[in-house]
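Welcome! Here is a short briefing to read alongside the structure, grouped by topic.

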Amino acid sequence: MINDNYYESYDLKEDLHFDSKVVHGGLGCDPITGAVSFPIFQTATFRHRKFGVSTGYDYSRLQNPTRQELERTMAILEEGTEAFAFTSGQAANMCLFGLLKRGDHVILSDDIYGGTFRICEEIFSNLGCEFTYVEMSDLETLKKTIRPTTRMIFVETPTNPMMKVADIRKIADIAKENGAYFVVDNTFLTPYFQRPLTLGADIVVHSGTKYLCGHNDVIAGIAVVKTPELAEHFRGQMKSRGNGLGPFDSWLIIRGLKTLSLRMQRHNENAKKVAAWLRNHPKVKKIYYVGFEDHPGYEVNLSQATGFGGMISFELDSEETAHRLLSEVKMILFAESLGGTETLVTYPLTQTHESIPDEIRQKLGINERFIRISIGIEDPDDIIADLKQALG
Ligand SMILES: Cc1ncc(COP(=O)(O)O)c(C=O)c1O
């Protein structure tokens with residue numbers, strides 16, 4: 001029965017295998033009614049039974065049982081102490097960077113998602129924080145970039161969109177030696193393939209909009225932390241910024257997570273086939289896919305993850321071919337985002353990485369000929385057939 005908190009009244013299923021954990025979540029079913037689908041607590045506030053007697057819930061900006069079920073599930077999947085579900089990946093990162101104070105320095109991957117770059121350069125720079133972007137596979141440069149004021153190292157691995165791989169264990173050691181928080185954006189691989197907290201990271205963030213949701217129907221963000229102190233930080237940020245995920249959107253992510261293992265397996269298999277086909281296409285001049293044995297990050301990725309995910313980027317022979325591909329795809333959709341059941345092609349130059357200054361983009365290789373594709377779970381032959389006709 002219910003104690004003063006819904007959660008403390010129930011056995012958690014932490015001893016299950018990962019594929020069962022995604023299905024059974026935190027509480028899994030409703031402890032009161034037995035409803036197998038976790039209820040959507042669509043309420044702003046909670047009644048107190050009498051003075052001094054509470055159910056443990058006060059107001060949904062602070063806690064909501066449906067959001068809490070999602071958060072508990074994500075803490076279990078990422079093997080953290082607590083998780084927090086936000087209204088977007090951007091909102092999660094805003095709360096993350098709330099750890100910074102004036103004068104703090106942060107080192108980030110050099111081709112991070114454009115929105116993360118924008119948070120750094122357009123919001124926290126103005127508050128007196130400093131940011132340096134480095135190629136994270138170059139650990140010597142990373143070490144040289146560290147300052148006494150470096151408070152955080154933030155990596156994506158693989159990165160969006162150049163698919164560079166960072167060595168989580170080694171960077172965790174560098175961060176620890178220098179007293180900096182180590183944060184991994186695990187959006188691309190998800191805990192199905194990679195669990196950074198078990199490899200030394202302090203915080204994992206996600207755009208929950210992507211594989212965790214999996215169906216291109218919710219915008220959400222997740223942060224998972226290793227320590228109770230960091231949990232207090234995110235709890236306070238969510239309370240003050242008021243950006244906790246709503247009950248219905250939380251429920252949709254809980255539902256999406258139930259098939260995370262199945263979807264990730266399929267994304268991974270499909271991407272392998274599509275990448276192999278793209279590599280041999282005469283109009284594809286460069287291809288960035290972590291699952292190729294000659295990818296510079298292949299070995300490191302295998303040492304810390306059990307798969308490669310569903311993301312591929314490639315450079316075409318001309319801007320015209322790139323525009324043709326985006327205009328001519330039929331089953332594949334030309335749309336921003338990634339990680340859903342549908343295959344999406346994206347033009348990072350004007351979409352996801354539009355906020356990055358052009359000179360940096362060109363240096364990284366995000367040019368007029370550059371395409372990113374999120375391989376869905378359709379029949380891979382249909383994905384290939386569509387790419388074939390669209391490339392001409
Ligand atoms: C790697 C990565 N991190 C964070 C974000 C931001 O997430 P959201 O769009 O849910 O705010 C994105 C969005 O594309 C992303 O690709």
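Helices α3 and α4 are oblique to each other, a label for angles that are not under 35 degrees (roughly parallel), over 145 (roughly antiparallel) or 65 to 115 (roughly perpendicular). This is a predicted model, in which local features need pLDDT of at least 70 and side-chain atom pairs pLDDT 80 or more, while totals for chains, interfaces and linings use all residues. Residues are numbered from 1 along each chain, and side-chain values use heavy atoms, without hydrogens and water.

**How α3 and α4 pack**
- Helix α3 (residues 89–97) and helix α4 (residues 114–124) pack at about 45°, their axes 10 Å apart.
- Gln 90, Asn 93, Met 94 and Phe 97 of α3 are in contact (heavy atoms within 4.5 Å) with α4 residues including Ile 119 and Phe 124.

**A covered helix**
- In helix α9 (residues 247–257), 8 of 11 residues are buried, meaning under 20% relative accessible area.
- These buried residues pack against α1 (18–24), α2 (65–78) and α10 (260–279).

**Salt bridges**
- The structure has 15 salt bridges, each a side-chain nitrogen of Lys or Arg within 4 Å of a carboxyl oxygen of Asp or Glu.
- Glu 82 and Arg 235 form one of them, at 2.9 Å from N to O.
- Glu 82 is in strand β1 and Arg 235 in helix α8, so their pairing ties together parts 153 residues apart in sequence.
- Glu 82, Glu 232 and Arg 235 are linked in a salt-bridge network.
- Glu 315 and Arg 369 also meet in a salt bridge, at 3.1 Å from N to O.
- Glu 315 is buried at 8% relative accessible area, whereas Arg 369 is partly exposed at 28%, partly exposed being between buried and exposed (over 50%).

Definitions and conventions: Axes are lines fitted to C-alpha atoms, for helices over the stretch in contact, and angles run from 0 to 180 degrees between N-to-C directions. Helices (H or I, at least four residues) and strands (E, at least two) are DSSP runs, numbered from the N terminus. Buried means under 20% relative accessible area, exposed over 50%, partly exposed in between (1.4 Å probe, protein chains only).
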